[in-house]
Amino acid sequence: MTTPTPPPPPEGYGAMPPAPNLETQPAWPANENSFGAGGPPPEKPHNPWPIVIGLGAIAGVLVIGVIITSAIVLLSGEEDPTGKPGPVTVTATPSTSATAPAPGGLAADLFEGDWRFKLGDVSMNATYVAAQDYPDCGPIASAALEKKGCRYAAMGIHDAEGGKLRMLRVIYVFDSEAEATAAAESVEETDIDLPTGSLVADDVIGKWVAKDSAKAVVVGFVTAQKGVSEETVDDYLHYGTADIAGALIFMDL
């Protein structure tokens with residue numbers, strides 16, 4: 001049995017191209033940039049993915065920057081109540097009322113009622129006796145004190161140590177702080193016209209002091225009977241006068 005011979009493949013199918021004749025190829029011109037007599041090295045295949053990835057990363061950063069910028073603009077816009085920061089003003093509120101008393105209104109604010117004082121380990125109490133307002137300083141001050149600018153006054157009386165100690169505090173109000181300071185530095189005991197009953201009966205100790213506070217002068221008198229120590233008298237004189245002087249700082253006189 002004879003095996004049939006397959007037909008020849010179409011022309012060009014599976015055929016090897018003729019080998020090039022290297023002797024007839026033109027030579028690569030030699031110069032300082034040449035790679036040799038045989039011509040330039042073959043170019044490496046170009047991979048576009050690093051460029052695409054790099055451009056994508058840059059685009060992502062730009063998009064994120066736009067989002068962040070938009071968020072900042074939104075938060076700082078008019079619709080955001082916190083978008084317009086301003087100076088923060090902190091206001092301290094004193095415990096003592098800062099309302100301006102009318103002339104003759106200090107007695108009720110500062111003297112009426114029992115006196116209870118506590119500062120650290122110091123605790124003192126005194127019973128209310130009397131208080132009075134003066135629309136002018138004449139009834140409770142000398143003419144010399146009036147000439148120094150005294151406008152109006154008030155006084156309060158309290159007892160302590162079982163009635164053996166009496167504390168009198170007088171407030172003289174002036175037109176200015178400068179006048180009050182000058183009056184406090186120059187005031188004398190004879191400038192104070194003490195009301196009847198201001199001093200405890202049968203006193204054996206008596207002390208007084210004057211302190212300026214804002215546009216006022218606070219004068220304190222403490223008298224005590226036998227059996228009350230001088231240290232106790234000093235404490236009531238110091239703390240009692242300083243308490244009123246401190247309260248006057250926060251008042252519009």
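## Burial and Ser-213

A residue counts as buried when its relative accessible area is under 20%. The model described here is predicted. In it, Ser-213 has a relative accessibility of 4%, so it counts as buried. Ser-213 belongs to strand β5. Leaving aside residues up to four places away in sequence, Ser-213 touches Ala-245, Leu-248 and Ile-249.

## The sheet

Six strands make up an open sheet, and the pairing is antiparallel. Their order is β1-β2-β3-β4-β6-β5. The edges are taken by β1 and β5 (205-213), each of which has a single partner strand, so one side of each is left without a neighbour in the sheet. From one strand to the next, the twist averages 25°. Strands of a sheet pair through backbone hydrogen bonds, either parallel or antiparallel.

Five bridges join β1 to strand β2 (residues 122-134) in the antiparallel sense. Within this pairing, Phe-117 stands opposite Met-124 in β2. The two strands β1 and β2 form a hairpin with two residues between them. In the turn, Gly-120 has a positive phi of about 65°. On to the next pairing: β2 and strand β3 (residues 150-160) are antiparallel over seven bridges, and Tyr-134 stands opposite Ala-153 in β3.

## Helices on the sheet

Helix α4 (residues 177-186) packs on the sheet, where it touches β4 (165-174), β5 and β6 (216-224). The direction of α4 makes about 155° with that of β5. Helix α5 lies across β1, β2, β3, β4, β5 and β6, and α5 runs at about 20° to β5.

The buried residues of α4 are Ala-180, Ala-183 and Ala-184. Viewed down the axis of α4, these buried residues fall within an arc of 100°, so they line one face of the helix. Their cover includes α3 (143-147), β4, β5 and β6. On the face of α4 turned away from the buried side are the exposed residues Ala-178 and Glu-185.

Phe-117 lies in strand β1 and Tyr-239 in helix α5, so the pair ties together parts that are 122 residues apart in sequence. Phe-117 has 12% relative accessibility and therefore counts as buried.

Trp-115, Phe-117, Tyr-236 and Tyr-239 form one aromatic cluster. Trp-115 also has a charged group over its ring: the charged end of Arg-169 sits there, 5.3 Å from the ring centre.

Conventions
Residues numbered from 1 in each chain as written. Predicted model: local features only at pLDDT ≥ 70, side-chain atom pairs only at ≥ 80, totals over all residues. Heavy atoms only, no water. Helix = DSSP H or I, 4+ residues; strand = E, 2+ residues; numbered from the N terminus. Buried < 20%, exposed > 50% of the residue type's maximum accessible area, 1.4 Å probe, protein only. Phe/Tyr/Trp six-rings, centres within 6.5 Å; stacked < 30°, edge-to-face > 60°. Lys NZ or Arg CZ within 6 Å of the ring centre and 35° of its normal. Pairing = 2+ DSSP bridges. Axes fitted to C-alpha atoms, helices over the stretch in contact; angles between N-to-C directions. Contact = heavy atoms within 4.5 Å. Arc of directions from axis to C-beta.
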